[in-house]
Amino acid sequence: MKYLFQRRQHRLYVDVNAFFDHLGQELITSACVGLLERAFRCLGNDLTAFLTTLDGVNDVVQHQSGSDTEAEFVCIATPEALELHFTTDHPSIAYLLVGSLKGIARQFYNDKADVYILPDPYNTKFFRYRITPERYSGQLDVDDDYDVVSPTFRPLSTKATDLRMGVASFCKAFPWHFVVDRQLELVQLGVGFMKIFGHHLNRLGREISTYFVFTRPHGVTLTFHEILKRANTPFILTLQRPHDVDKYPAEGLEMKGQMVHCPESDSILFVSSPFLNGLEGLTGRGLFISDIPLHDATRDVILVGEQARAQDGLRRRMDKLKSSIEEANLAVDAEREKNVSLLHLIFPPDIAKRLWLGETIEAKTYPDVTMLFSDIVGFTSICATATPMMVINMLQNLYEQFDLYCGQLDVYKVETIGDAYCVACGLHRNTNTHAQQIAWMGLKMIQTCSHHLTHEGKPIKMRIGIHTGMVLAGVVGKKMPRYCLFGHNVTLANKFESTSEPLRVNVSPSTYLCLIQKSGFILEPRTKDNLPKEMPAGVSGTCYFLNGYQHSSVSASESLDVHIQAAITEFGISSNM
């Protein structure tokens, strides 16, 4: 890039080849860092070894990436220089490779290489490079005694007769090998291949193409010379079913290995292993673990693959079991919520929670509780002239509305017995507005009666009594337990309902004292004669009719509901609706 900038700065002609040369070197310098640099350095200890290994690595990478367009690198070492054959669908990359090869030699091997590109005028996808590293002459000096590890060992011989192993031993040690001559005819087979198609050789011939398909590398021409050119590339050969052979279990078995030139016999040795990752691929083709030699890592690959599949299957079963447990837990949680919600409908929240936890509920005294009792005037005559279903529907429609008010005003519904509807405030939550909340409840109940009719078409009339005092509350019974209120004040609350009048709310003296602490309630005094006989003699005051409620911030012309809602907001009464 610096080169291009300098050329542009001086408005000079930019040589395209020089530009690609500098760009390729800059690409190696800037891109080959970290993991990529370590990967490149491990390909070889010098430029020759790097280029020799490059095609095999590139073939694997392209196969794993699923690339459709594949590049090929074929390195040929001559006494004078290295020759690299490069095939690509992108010619611009070929010119970029000139600088990249120089950059690799300099950055990885501290060497300077002269690289010349020789395009093929007849094939635009094929390029040849002549590469001459400075230290290349020293790389070709191979000592004949290089592999001598002890004075008692002789130098490696180039004569086949000096091999200390017979053909039978070699074929048994390397069962998945074969040797072909220049005509690519099989001249030697390992015992593995002999087991599969050895008995067909006399009838079908020894042509390698009869028994194998060259799967990788792609596009290799089936000639002795072309195979040797790709000797540094892994080969994958697939067994095919020969003609006139019906049953051939090994069909499709892939063999991955290396082509080795044997100049002693002017032949090519292919040493391979079955390309498998599991027992199914092995046994499905009529083979067994015993057919793979102990030194072959394919054994470990197969067994590790089976172990991984077993672990994966176990993991999937565990995940399925976990999902089932989670679903069961969710179902249990849903049922628990239903049960808790049902308990909340029957008991105050704190009592319901303790009952769910299995705790024992002790009776408790509440010092300030306001209770409301109501009944329907003439309910006995209504029952006498209406069917049971009519009575039930009438009460259902009425009490559903009352239940909504309980939620809106945050009062606790104690029970309903026939036409009697009983609520209380100060039980389930400690509050200083319990009397006011019950008073609003009574007013809304009276107002609602005018909108509900009996079976004869007449408006329902109710009597309501309200009283405030100390009560004892507790859970009674084990089977179908009930939350009950006890004490003399419960009886008095019921008596204030009895001494009330149709469509009126009768308020006791103690409730009156609580109501007048907040403004807005419209109360009408009654004579002492209207007090229940059970009222203690020492109690001062009298009872009152509650005639209405007006909030100071709301116009008198507004409905009762608007006035009560304004009070609920002012006092911060939480709604359960």
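**Terms and values**

Visitor: Which residues form a nonpolar patch on the surface?

Guide: The nonpolar patch consists of Leu 314, Met 318, Leu 321 and Ile 325, which together have about 380 Å² of accessible area. Areas of this kind come from the Shrake-Rupley method with a 1.4 Å probe, and for residues only the protein chains shown count as cover. The model is predicted: local features need pLDDT of at least 70, side-chain atom pairs count only at pLDDT 80 or more, and totals for chains, interfaces and linings use all residues. Residues are numbered from 1 along each chain as its sequence is written, and side-chain values use heavy atoms, with hydrogens and water left out.

Visitor: Why does Leu 314 count as partly exposed?

Guide: Its relative accessibility is 44%. Buried means under 20% relative accessible area and exposed over 50%, with partly exposed in between (1.4 Å probe, protein chains only); Leu 314 therefore counts as partly exposed. A patch takes residues with over 30% relative accessible area and no salt bridge, joining like charges within 9 Å and nonpolar side chains (Val, Leu, Ile, Met, Phe, Trp, Tyr) within 5 Å, so the 44% of Leu 314 passes the area limit. Leu 314 is found in helix 13, residues 298-346. Helices (H or I, at least four residues) and strands (E, at least two) are DSSP runs numbered from the N terminus.

Visitor: Which residues touch the most other members of the largest nonpolar core?

Guide: They are Ile 376, Phe 402, Met 441 and Met 462, in a core of 43 residues. Apart from that core lies another, of 33 residues, including Leu 186, Val 220, Tyr 248 and Ile 268. Each is called a nonpolar core because it is a set of buried Ala, Val, Leu, Ile, Met, Phe, Trp, Tyr and Cys residues joined through side-chain atoms within 4.5 Å.

Visitor: How do you know that Phe 214 is buried?

Guide: Phe 214 has a relative accessible area of 14%, which falls under the limit, so it is buried. It lies in strand 7, residues 212-216. Beyond its neighbours within four places in sequence, Phe 214 is in contact (heavy atoms within 4.5 Å) with Ile 208, Val 220, Leu 222, Ile 227, Phe 235, Ile 236, Leu 237 and Met 259.

Visitor: What makes the pair of Lys 125 and Asp 89 a salt bridge?

Guide: Their side chains meet at 3.2 Å, N to O. A salt bridge requires a side-chain nitrogen of Lys or Arg within 4 Å of a carboxyl oxygen of Asp or Glu, so this pair meets the criterion. Lys 125 is in strand 4 (residues 123-133) and Asp 89 in the loop between strand 2 (82-87) and helix 5 (91-109), 36 residues apart. The structure holds 18 salt bridges.

Visitor: What do Asp 266 and Arg 182 tie together?

Guide: Their side chains form a salt bridge at 2.6 Å, N to O. Asp 266 lies in the loop between strand 9 (254-262) and strand 10 (267-274), and Arg 182 in the loop between strand 5 (177-180) and strand 6 (186-189), so the pair ties together parts 84 residues apart in sequence.

Visitor: Is Lys 444 buried or exposed?

Guide: Lys 444 is buried, because its relative accessible area is 2%. Lys 444 forms a salt bridge with Asp 561, the closest N and O atoms being 2.6 Å apart. The two are 117 residues apart, Asp 561 in helix 20 (residues 560-571) and Lys 444 in helix 17 (residues 434-449). Asp 561, at 33% relative accessibility, counts as partly exposed.

Visitor: Which residues are linked in a network of salt bridges?

Guide: The network links Asp 375, Arg 463 and Glu 497.

Visitor: Why is the link between the side chains of Arg 526 and Asn 506 called a polar contact?

Guide: The separation is 3.1 Å. A polar contact is a pair of N or O atoms within 3.5 Å; within protein, one must be able to donate a hydrogen and the other to accept it, and residues adjacent in sequence count only if both atoms are side-chain atoms. The 3.1 Å of this pair therefore lies within the distance limit. Arg 526 also has a side-chain polar contact of 3.3 Å with Asn 530. It is found in the loop between strand 17 (521-525) and strand 18 (544-549) and is buried, at 10% relative accessible area.

Visitor: How do you know that Ser 508 is buried?

Guide: The relative accessible area of Ser 508 is 0%, so it is buried. It lies in the loop between strand 16 (504-507) and helix 19 (509-515). The side chain of Ser 508 makes polar contacts with the side chains of Ser 510, at 3.1 Å, and Thr 511, at 3.0 Å.
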